[in-house]
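Visitor: I would like to learn how to read a few features of a model. Please take them one at a time.

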Amino acid sequence: MASSPSPITTCGSLSLHPVTFGRRMHQAAYDALGLPWLYVPFACESVGLKAALEGMRALSIRGFGVSMPFKIEILPLLDELAPLARTIGAVNTVVNDGGRLCGHNTDAEGAVQALEEEVGSLRDARVLVIGAGGAARAVAFGVHAAGAKLLLCNRTRDKAEALAAELKGAEVVAYEEALRKPPADIIVQATSAGMAGAASLPFDEAAFSERNVVMDIVYKPLHTELIQRAKAAGAKTIHGGRMLLFQAARQFELYTGKTAPLGVMDEVIREAAAG
Ligand code: NAP
């Protein structure tokens, strides 16, 4: 008698443009641990977000990543928010426990791990974060919680002011001046500029030197124009794949309850970075 196939657990991502790195990293991790799990990138239009969440419940999708532009829009549609996601005001991960959808944010942890991998502890380091959207908020909260002195700027200054007001001791600096002469050695580009063919931030020719560590959180492409320019100026660089890796490892742990096979997931990013 043929045995019945083992049930497959499905996870995925919800975005306008499904991301292939995410799928490959998560699937490689399931396969490495011998889990009968499948990762599916779901494309979704903004108007269909509520219906998409109903679909996730109806199909018992265990968990899914959420990317721009849904990270903030999704907040009122969830049943519960983990404390960090509530504080940050943005969700990048949803866990489905028996139809109850709980929002998490793993971007903050991912950003801090990616930075600390290069510079060591962030305690008392001066860090400039550029941007004030969903991802920048997560980076800023993470860097602040790690004990860094946080400097913030954004094209729309009001948003940087609002974010700084939530983070004790954070200081807002002028956007144009920060691009001319960054006021910190560690710089995190956390806007969507430079993504998928869009123009990079207009940093001054002489903005970077050997002193700097420049992290660009954009990962489409991995080797952004900013990363290339900073590297050419002698700066240490961290591409967006590092943050993507660490935030995905945390997602894996939330979905499966198991420790993520970081080396296997890292291999996917390293192959993409080399290719
Ligand atoms: P978002 O909420 O739409 O925020 C966009 C931010 O970018 C705002 O601060 C906006 O400034 C700024 N911006 C956009 N175009 C700009 C331009 N031409 N010049 C200057 N500033 C500009 O987007 P998000 O969710 O924060 O995502 C931002 C980027 O982070 C995306 O590329 C995303 O893929 C990436 N990301 C990476 C990771 C990772 O793990 N590596 C994780 C999450 C997100 P205004 O306020 O002035 O409009």
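Visitor: Which residues form one aromatic cluster?
Guide: In this predicted model, the cluster consists of Tyr30, Trp37 and Phe252.

Visitor: How is a pair of aromatic rings described?
Guide: By the distance of the centres and the angle of the planes. The structure holds four aromatic pairs. One of them joins tyrosine 30 and tryptophan 37, with 5.4 Å centre to centre and 50° between the planes, a tilted arrangement. The pair counts as tilted because 50° falls between the 30 and 60 degree limits.

Visitor: Are tyrosine 30 and tryptophan 37 buried or exposed?
Guide: Buried means under 20% relative accessible area. Tyrosine 30 has 0%, so this residue is buried. Tryptophan 37 has 14%, so this residue is buried too.

Visitor: Where do the axes of helix 10 and helix 11 run?
Guide: The axes of helix 10 (residues 240–256) and helix 11 (residues 262–274) come within 10 Å and cross at roughly 145°. The crossing is right-handed. On the helix 10 side the contact includes Phe252, a member of the aromatic cluster. The helix 11 side has Leu262, Met265, Asp266, Ile269 and Arg270. By type, the residues of this contact are nine nonpolar, one polar and three charged.

Visitor: Where is the place of glycine 234?
Guide: Glycine 234 sits in the loop between helix 9 (225–232) and strand 12 (236–238). With a relative accessible area of 36%, glycine 234 is partly exposed. Leaving aside neighbours within four places in sequence, glycine 234 is in contact with Ser209 and Glu210.

Notes
Residues numbered from 1 in each chain as written. Predicted model: local features only at pLDDT ≥ 70, side-chain atom pairs only at ≥ 80, totals over all residues. Heavy atoms only, no water. Phe/Tyr/Trp six-rings, centres within 6.5 Å; stacked < 30°, edge-to-face > 60°. Buried < 20%, exposed > 50% of the residue type's maximum accessible area, 1.4 Å probe, protein only. Axes fitted to C-alpha atoms, helices over the stretch in contact; angles between N-to-C directions. Helix = DSSP H or I, 4+ residues; strand = E, 2+ residues; numbered from the N terminus. Left-handed = near helix turned anticlockwise from the far one by under 90°. Contact = heavy atoms within 4.5 Å. Nonpolar A, V, L, I, M, F, W, Y, C, P; charged D, E, K, R; others polar.
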